[in-house]
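The exercises below are meant to be worked through slowly, with the structure open beside the text. Please try each task before reading its solution.

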Amino acid sequence: MDKSERKTMSRAEALAWVAEIFQESAEMTPETPRENIAMWDSLGVLTLMAELDEKFDLVVSDQDMRAMTKVGDILSLLEKNGKLNS
Amino acid sequence: MRFILVDEIIELVPGQRIKALKHISPLEDFFGDHFPGFPVVPGVLLTEMIAQASGKCLESEDRARGKPMLARIVEASFRDWMRPGETAVIFSEVKKSRPAFATLAGHIEIGSKKICTAELMFSFVPHENFAADLRDEVLEKFLARSRA
């Protein structure tokens with residue numbers, strides 16, 4: 001089992017993790033839009049890319065990052081890559 | 001004040017790691033303010049030394065990502081003082097290097113003591129955004145010496 005296969009989290013943990021990355025104290029849901037998250041700016045994108053890489057061994061392209069418009073898109077990415085517990 | 005915080009590169013593996021030096025003159029203006037009677041190099045300058053050395057490490061790699069620019073100080077810790085007249089030995093190592101960003105971990109030693117550590121993130125800005133004649137003399141000098 002490699003490092004990436006060991007790392008999974010629940011949806012609630014994932015929401016908390018995303019909130020921490022973007023330094024959001026307000027409650028976050030999958031429907032929270034990108035424009036409501038002040039720290040989801042160019043640096044926020046880089047930070048998210050680095051965290052996905054570090055924590056889950058997921059290398060995401062600039063193009064895929066730009067296509068994300070809400071928190072749920074990040075969760076979908078994790079789910080698609082088997083990083084969310086069912 | 002020139003903002004060149006790396007005097008010389010000692011070792012360099014492009015895109016992987018770097019070791020460099022920075023001597024701080026006792027005549028630096030900032031010692032008058034930081035602090036009277038207790039002159040020490042500001043932590044932001046120690047962090048910048050690691051950042052500049054890290055940038056040279058990334059820049060020396062032959063990749064068309066653009067010029068590395070400090071995007072985030074992920075962590076920085078200061079364990080001891082750097083005093084007037086001392087020479088910092090700067091180390092930095094690339095942890096992740098991706099098309100859009102790179103992360104590096106660095107530290108500074110004075111004598112054999114580690115006085116500062118920092119984890120930094122860089123993004124890349126297209127070279128055409130900078131002056132066409134922008135050069136890194138410290139890096140060029142090292143590369144020329146390596147080729148000789």
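Helices and strands are here DSSP runs, a helix having at least four residues and a strand at least two, and both are numbered from the N terminus. The model is a predicted one.

**Exercise 1.** Find where B:Phe35 is placed in chain B, and state what kind of peptide bond joins B:His34 and B:Phe35.

Solution. Begin with the place: B:Phe35 is in the loop that runs between strand 2 (17–23) and helix 1 of chain B. Then turn to the bond itself, for B:His34 and B:Phe35 are joined by a cis peptide bond, whose omega is about -5°.

**Exercise 2.** Describe how chain A and chain B meet, taking the number of residues, the buried area and the charged pairs in turn.

Solution. As a step towards the size, count the residues: chain A brings 10 residues to the contact and chain B brings eight residues. The size of an interface is often given as the accessible area lost when the parts come together. For chain A and chain B the buried area is about 800 Å², and carbon and sulfur atoms give 68% of that area. On the side of chain A, the residues that lose the most area to chain B are A:Leu43, A:Leu46 and A:Asp53, which together make up 50% of what that side buries.

Next, look for the pairs across the interface, where the rule finds two salt bridges. A salt bridge requires a side-chain nitrogen of Lys or Arg within 4 Å of a carboxyl oxygen of Asp or Glu. B:Arg98 and A:Asp53 form a salt bridge, with their closest N and O atoms 2.4 Å apart. Finally, ask which element of chain A gives the most to the side that touches chain B; helix 3 (residues 42–56) does, with seven residues. Sorted by class, the residues of this side of chain A are five nonpolar, one polar and four charged.

**Exercise 3.** Give the volume of the largest pocket, and name the elements that supply at least two residues of its lining.

Solution. The largest pocket holds about 790 Å³ of space. Its lining is made of 26 residues, and those nearest the centre are B:Lys56, B:Glu59, B:Lys67, B:Leu134 and B:Asp136. In chain B, helix 1 (43–59), strand 3 (67–78) and helix 2 (137–147) each supply at least two residues of the lining, and helix 1 of chain B has the largest share, with six residues. By class, this lining has 14 nonpolar, three polar and nine charged residues.

**Exercise 4.** Do the corresponding work for the second largest pocket, and then examine A:Gln23, one of the residues that line this pocket.

Solution. The second largest pocket contains about 260 Å³ of space, and its lining includes A:Trp17, A:Phe22, A:Leu43 and B:Arg72. Helix 2 (11–21) and helix 3 of chain A are the elements that give two or more residues to this lining, the largest share, four residues, coming from helix 3 of chain A. A:Gln23 sits in the loop between helix 2 and helix 3 of chain A, and phi of A:Gln23 is near 55°, a positive value in a residue other than glycine.

**Exercise 5.** Work out which backbone nitrogen lies 2.7 Å from a polar atom of the side chain of A:Asp73.

Solution. First locate A:Asp73, which belongs to helix 5 (residues 71–80) of chain A. The backbone nitrogen in question is that of A:Thr69. When residues up to four places away in sequence are not counted, A:Asp73 touches A:Ala67 and A:Met68.

Notes
Residues are numbered from 1 along each chain as its sequence is written. Chains are lettered from A and ligands numbered from 1 in the order in which they are written. This is a predicted model: local features need pLDDT of at least 70, side-chain atom pairs count only at pLDDT 80 or more; totals for chains, interfaces and linings use all residues. Side-chain values use heavy atoms; hydrogens and water are left out. Contact means heavy atoms within 4.5 Å. Buried area is the accessible area (1.4 Å probe) that two parts lose on being put together, summed over both. Ala, Val, Leu, Ile, Met, Phe, Trp, Tyr, Cys and Pro count as nonpolar, Asp, Glu, Lys and Arg as charged, and the others, Gly among them, as polar. On a 1 Å grid over the protein atoms alone, a cavity is a set of points where a 1.4 Å probe fits but cannot get out, and a pocket is an open set with protein on both sides within 12 Å along at least five of seven lines; lining residues have an atom within 4 Å of a point. Grid points are joined across faces, edges and corners, and a volume is the space filled by probe spheres set on the points. A polar contact is a pair of N or O atoms within 3.5 Å; within protein, one must be able to donate a hydrogen and the other to accept it, and residues adjacent in sequence count only if both atoms are side-chain atoms.
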